[in-house]
Amino acid sequence: MRRAAAQARHLALFVLAPLVASVAPVLVIPAVTTTAGASGWAAVAVALAVGGAGHVVAELGWSLDQVQAVARADDDGRRALWQAGQAAKLAAAAVVAPVCAVAAGLVVADHALAAALVAAGTVLTGAASPAWYFVGVGRPGAALVSDALPRVLLLLAAAAAMSAGADLVAYGLVLLAVPVASVAIAAAVGRLPLLPSGAALRGVPSLVRSRGTILRGRAISTVYTMLPAAVLGLVAPASVAAFSGADRPMRMGFAVLGALPARLQNWLGSSPEHDRARRVAVSIALTTATGAVAAVCFVLAMPVVAPVLFSGTVDLDPHLLASVAVLLLVMSVSRGAALGLVSVGEAPRITTAVTAAAVVGLPALALGGLVGGAVGAVSALVLAEAVGVAVQGASLVATLRIVSVQGAAS
């Protein structure tokens, strides 16, 4: 019983850390809509989308495969991975954040400065996050303390400031402070270097080059999964508020669902050869099942939550909510398949799937947004994600078949 209770507490922390981190932006939305109305929310939504896309690039795919690397490493190896990751990701963010700031400022119709700051802060916050390291070492509580809690506390301060009359710019300024606090707390809690070593900094160019395939996949994926709000801002500006009103809460929930694959990574990575196919199948089944439950909950909850969340300024059509729920389910299946590819040493195949999805998704997103507004844009994303799932599934089945044949021959 004691062992079961300990496991339950450990799993609860894996759930709690991404849950708290995902709730953080929600705390600010009512203050944004109350202070700046639907136009302010539209500007923030575009900035979060652009910044989220930049974060995926600046993060260099580190959370995709380096969590398992940390889990396998000894203490010296973990310290080296921490320094290498922080050096490379922050160097990438120093380039990506200004680009995203300019892009967000140019795309939005109003509140350009606030949008620029929010986009840059989102990139830096995501890139500097220490959660990948603490998940790898099996310390979800440390991830909660160093990553999730600073976000909540600082964004609560931003919400309070805006509610008291501060400009929307306050949101962006606070976001820029989050990564500083997060890294400082992580260094103290994990007894890790606050700043990367000179050797880690000198190794950044070669490290970035070595991650070229994964980085290309991450960069491509951002275009059709993280930037639809920006695309809609260009082809159908009137649809941005509604689309973002459904899409942003869904993606926050999807981030919470990431607790399950985070917990599965060690289980998959430590799998013996003969049990690998079964564990991959179980992992895909679990991520699919949780995605289905979350999709149903999303459709049922959003009509009640949205009026409170957006202060009654954004109306969400039932067809839009249903489309976003389908997108959530397909994304969950894709996440499970990607976990399987990483576990069999075929992470670069994810880039192949992402590229195929982007080839379909990019033109579909522009056309769908132009013709069908928010629902059309979501339908395009569903189509793109489905293509990615099909390619990942085919690659995974082929790889497992080869492994099975080799195992039988030996």
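Me: Buried means under 20% relative accessible area, exposed over 50%, and partly exposed in between (1.4 Å probe, protein chains only). Is Lys89 buried or exposed?
Reply: The structure above is a predicted model, where local features need pLDDT of at least 70 and side-chain atom pairs count only at pLDDT 80 or more, while totals for chains, interfaces and linings use all residues. Residues are numbered from 1 along each chain as its sequence is written, and side-chain values use heavy atoms, leaving out hydrogens and water. Lys89 lies in helix H3, helices (H or I, at least four residues) and strands (E, at least two) being DSSP runs numbered from the N terminus. With a relative accessible area of 1%, Lys89 falls under the limit and is therefore buried.

Me: Which residues does Lys89 touch, not counting residues up to four places away in sequence?
Reply: The C-alpha atoms of Lys89 and His55 are separated by 9.3 Å, although these two residues are 34 apart along the chain. For touching we need a contact, which is defined by heavy atoms within 4.5 Å. Once residues up to four places away are set aside, Lys89 touches Ala58, Glu59, Leu60, Trp62, Ala127, Ser129 and Trp132.

Me: How many helices does the secondary structure of the protein come to?
Reply: Of the 410 residues in the protein, 54% are buried, and among contacts between residues at least 6 apart in sequence, 82% join residues at least 24 apart. The secondary structure has zero strands, and the number of helices comes to 16.

Me: Which residues have the most contacts inside the largest nonpolar core?
Reply: A nonpolar core is a set of buried Ala, Val, Leu, Ile, Met, Phe, Trp, Tyr and Cys residues joined through side-chain atoms within 4.5 Å. The largest one here has 106 residues, and those with the most contacts inside it are Trp41 and Tyr171.

Me: How are H2 and H3 arranged, roughly parallel or roughly antiparallel?
Reply: Axes are lines fitted to C-alpha atoms, for helices over the stretch in contact, and angles run from 0 to 180 degrees between N-to-C directions. Helix H2 (residues 62-72) and helix H3 (residues 75-107) pack with axes 10 Å apart, at an angle of about 165°. Angles under 35 degrees count as roughly parallel, over 145 as roughly antiparallel, 65 to 115 as roughly perpendicular and the rest as oblique. H2 and H3 are therefore roughly antiparallel.

Me: Which residues in H3 do those in H2 meet?
Reply: On the H2 side, the residues involved are Trp62, Gln66, Ala69, Val70 and Ala71. In H3 they meet Arg78, Leu81, Ala84, Gly85 and Lys89.

Me: At roughly what angle do the axes of H4 and H7 cross?
Reply: Among the residues of H4 that meet H7 are Leu113 and Leu117, and among those of H7 are Tyr171 and Leu175. The axes of helix H4 (residues 112-128) and helix H7 (residues 169-190) come within 7 Å, crossing at roughly 15°. That makes the two helices roughly parallel, given the crossing angle of roughly 15°.

Me: In which loop does Arg191 lie?
Reply: Arg191 has a positive phi of about 50° although it is not a glycine. Most residues other than glycine have a negative phi. At 74% relative accessibility, Arg191 counts as exposed, and its place is in the loop between H7 and helix H8.

Me: How far apart are the C-alpha atoms of Gly198 and Ala87?
Reply: Gly198 is found in helix H8 and, at 36% relative accessibility, counts as partly exposed. Although Gly198 and Ala87 are 111 residues apart along the chain, their C-alpha atoms are separated by 9.3 Å.
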